[in-house]
Amino acid sequence: MSALLILPSCAQTAKPRFEIKTRTLGHAPDGSPDSRRDVGIGERVEIKVVPETIGYVEWVIQGDAVESNRFGNPAIVFMGGSPGAVSFSVCVHDAPRAAPPSFKKIPAMEKWRRLEAQLMEIEKLAGQPSAFESHCDKICADVLLHEGLEAAARESLARFSLLLEEISDLSRRAPGSSSWAEIQSQLLEASALRLGACLDSTAEKSALEDDFWKLLHACTVTLDCQYKQFEVARRNARKRIKNDSPPAVLVGTDGNGVVLPKGPAAVASAFGNSLPDLRYLLYVQVLNALPGTTRGQQKEALGGHGFSKDEAELLLNPLECFFKQ
């Protein structure tokens with residue numbers, strides 16, 4: 001378990017007084033407050049300053065954690081990969097701030113180019129379920145796709161848009177696989193973090209580049225595609241249970257004897273574990289890209305950037321996904 005320490009502070013005297021509110025998304029997805037100070041490794045935590053109109057927020061985070069938006073209110077914080085205390089404080093500024101774009105000086109990561117090449121290989125196996133699943137298992141074992149904000153920022157927005165387009169297209173033809181679901185989810189998470197990096201490096205959000213909105217749209221299309229795969233896998237899993245499939249077909253065990261779902265149930269479980277957090281993460285990017293706007297204004301702005309009404313609804317109603325499963 002990681003200790004979550006809340007340390008309110010401000011760079012300048014702020015009026016009216018403000019406070020930091022937190023909630024861990026898995027524990028309190030309905031919006032109720034969460035007063036816990038210990039959260040699990042990898043658990044998603046929402047932090048925000050109230051009142052939300054207080055000014056230009058800059059989060060100061062110390063410890064092993066990854067935040068999706070350093071400059072923004074609210075922000076989603078991804079707890080890190082190792083135990084230890086994580087402290088949050090906040091500065092409130094009189095004018096917009098932005099992180100220096102130092103990531104542009106860092107060479108791009110090769111993992112995304114490797115994934116691009118791997119997609120070409122697994123596409124050839126789309127009609128061979130066993131071979132396809134085996135190859136996806138290998139990708140998950142060999143390529144660490146989970147990464148933090150700084151690492152995601154090393155790649156261009158356009159590269160993530162292209163990868164999402166390719167992976168969504170392949171998912172319409174590929175057989176179901178829990179490792180394939182994991183690859184899709186990891187790519188979508190990295191793409192959402194890339195959006196957060198772009199937000200952090202842009203002080204005036206009205207000046208966000210076209211590639212930002214193109215990537216957000218690609219993320220939305222991918223999210224919808226994953227929901228459809230989730231629903232298909234869940235229906236197929238229920239059919240197997242209804243048809244009295246042998247238990248061995250539905251579940252298996254890992255090396256420690258832990259029972260794990262197999263087949264469609266494994267695919268549904270993989271998507272079901274990631275979709276709520278991914279959907280909420282994208283929602284936060286919208287809030288930070290359109291600060292101080294109403295729901296109606298957000299829908300209008302998204303429509304102006306080519307989002308359909310259904311896509312806007314998918315982005316702007318994240319909490320409903322916690323109760324669908």
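This is a predicted model: local features need pLDDT of at least 70, side-chain atom pairs count only at pLDDT 80 or more; totals for chains, interfaces and linings use all residues.
Visitor: What is the make-up of the protein in helices and strands?

Guide: The protein has 10 helices and 10 strands. Of its 325 residues, 50% count as buried. Among contacts with a separation of 6 or more, 74% join residues 24 or more positions apart.

Visitor: By what are two packed helices described?

Guide: The angle between the axes and the distance between the axes describe a packed pair. Take helix H9 (residues 295-304) and helix H10 (residues 309-316): their axes lie 10 Å apart, at an angle of about 135 degrees. H9 and H10 are therefore oblique to each other. The crossing in which H9 passes H10 is right-handed.

Visitor: Which residues make the contact of H9 with H10?

Guide: H9 contributes Arg295, Gln298, Lys299 and Leu302, and H10 contributes Ala312, Glu313, Leu315 and Leu316. By class these are four nonpolar, one polar and three charged residues.

Visitor: At what angle do the axes of H1 and H4 cross?

Guide: The axes of helix H1 (residues 111-123) and H4 cross at roughly 20 degrees and come within 11 Å. The cut-off for roughly parallel is 35 degrees, and H1 and H4 are therefore roughly parallel to each other. Their crossing is left-handed.

Visitor: Which residues of H1 and H4 meet?

Guide: On the H1 side they are Trp112, Arg113, Glu116, Leu119, Ile122 and Glu123; on the H4 side, Arg159, Phe160, Leu162, Leu163, Glu166, Ile167 and Leu170. The contact of H1 with H4 holds eight nonpolar residues, no polar ones and five charged ones.

Visitor: How far does H4 reach from its first C-alpha to its last?

Guide: Helix H4 (residues 157-171) has 15 residues and reaches 21 Å, close to the 21 Å expected at 1.5 Å a residue.

Visitor: Which residues of H4 are buried?

Guide: Buried means under 20% relative accessible area. In H4 the buried residues are Leu157, Arg159, Phe160, Ser161, Leu163, Leu164, Ile167, Ser168, Leu170 and Ser171. Ala158 also has its place in H4. At 41% relative accessibility, Ala158 counts as partly exposed. The C-alpha of Ala158 is separated by 8.6 Å from that of Phe212, 54 residues apart along the chain.

Visitor: At what angle do H5 and H8 pack?

Guide: H5 packs with helix H8 (residues 264-289) at about 10 degrees, and their axes are 9 Å apart. That makes H5 roughly parallel to H8. From H5 the contact takes Ser178, Ala181, Gln184, Ser185, Leu188, Glu189, Ala192, Leu195, Gly196 and Leu199; from H8 it takes Ala266, Val267, Ala270, Phe271, Ser274, Leu278, Leu281, Leu282, Gln285, Asn288 and Ala289. Its residues divide into 13 nonpolar, seven polar and one charged.

Visitor: Is Ser185 buried or exposed?

Guide: Ser185 is placed in helix H5 (residues 178-200). With a relative accessible area of 6%, Ser185 is buried.

Visitor: Which residues does Ser185 touch, not counting residues up to four places away in sequence?

Guide: With those neighbours left out, Ser185 touches Gln226, Phe271, Ser274 and Leu278. Phe271, Ser274 and Leu278 are among the H8 residues in the contact with H5.

How values were computed: Residues are numbered from 1 along each chain as its sequence is written. Side-chain values use heavy atoms; hydrogens and water are left out. Helices (H or I, at least four residues) and strands (E, at least two) are DSSP runs, numbered from the N terminus. The expected span of a helix is 1.5 Å times one less than its number of residues. Buried means under 20% relative accessible area, exposed over 50%, partly exposed in between (1.4 Å probe, protein chains only). Axes are lines fitted to C-alpha atoms, for helices over the stretch in contact, and angles run from 0 to 180 degrees between N-to-C directions. Angles under 35 degrees count as roughly parallel, over 145 as roughly antiparallel, 65 to 115 as roughly perpendicular and the rest as oblique. A crossing is left-handed if the near helix is turned anticlockwise from the far one by less than a right angle, and right-handed if clockwise. Contact means heavy atoms within 4.5 Å. Ala, Val, Leu, Ile, Met, Phe, Trp, Tyr, Cys and Pro count as nonpolar, Asp, Glu, Lys and Arg as charged, and the others, Gly among them, as polar.
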